[in-house]
Amino acid sequence: MNPILEKYRSLTDREQHLVLLSGVFVIIALFYWLIWAPLNNGLEQQRALLENQQELLVWVNDSASRAKQLRRAGTGNKAFTGSLPQAVNRTTTRHNIAISRMQPQGDELQVWVDQAPFNDVLAWLQAMENMGIVILQADIAEADVAGHIKIRRLQLGKA
């Protein structure tokens, strides 16, 4: 450090002022580019992310309330009375869907379908809901044939 101070002291007053001014400028520039700008950019990104998340939250809340209204309006006070396996067999026959496995569990029923046309499955599920049967869980995947799906597990219950 002493050689630097000796070199600085050997400069004229004007050169010393220029070195000090240059040092202050370099320190300010380093502070801006190494600290201030990255922090400011990070804050802007976080603000944009927060805004997107808030918009998503509003959309989810609106969709949830619409879904609740549709569920109340769609099912009304219908409650299915009867045997779930019989209702499923009757409706799948009507909609040309082949069930690979069916397993009753108390008041609920689990159904598996290896492959069925998507539109037929949609019509079948709508018919089930119209009867007052509620879809509790669904695990659906794409089948090997275009336009067909697999129902890995569909859990049905009474409303």
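Trp 33 is exposed, with a relative accessibility of 59% (exposed, over 50% relative accessible area; buried, under 20%; partly exposed, in between; 1.4 Å probe, protein chains only). The structure is a predicted model, in which local features require pLDDT of at least 70 and side-chain atom pairs count only at pLDDT 80 or more, while totals for chains, interfaces and linings use all residues. Residues are numbered from 1 along each chain as its sequence is written, and side-chain values use heavy atoms, with hydrogens and water left out.

The structure contains 1 aromatic pair. The ring centres of Tyr 32 and Trp 33 are 6.1 Å apart and the planes meet at 75°, so the pair is edge-to-face (rings of Phe, Tyr and Trp, the latter by its six-membered ring, pair with centres within 6.5 Å; planes under 30 degrees apart are stacked, over 60 edge-to-face, the rest tilted). Tyr 32 is partly exposed, at 43% relative accessible area. The charged end of Arg 101 sits over the ring of Trp 112, 4.0 Å from the ring centre (CZ of Arg or NZ of Lys within 6 Å of the centre and within 35 degrees of the ring normal).

Helix H3 spans residues 84–94 (helices are DSSP runs of H or I, at least four residues, and strands runs of E, at least two, numbered from the N terminus). Its buried residues are Leu 84, Ala 87, Val 88, Thr 91 and Thr 92. These fall within an arc of 120° seen down the axis of H3, so they line one face of the helix (arc of the directions from the helix axis to the C-beta atoms). The face turned away from the buried side carries the exposed residues Gln 86, Thr 93 and Arg 94. Just after H3, Asn 96 has a positive phi of about 55°.
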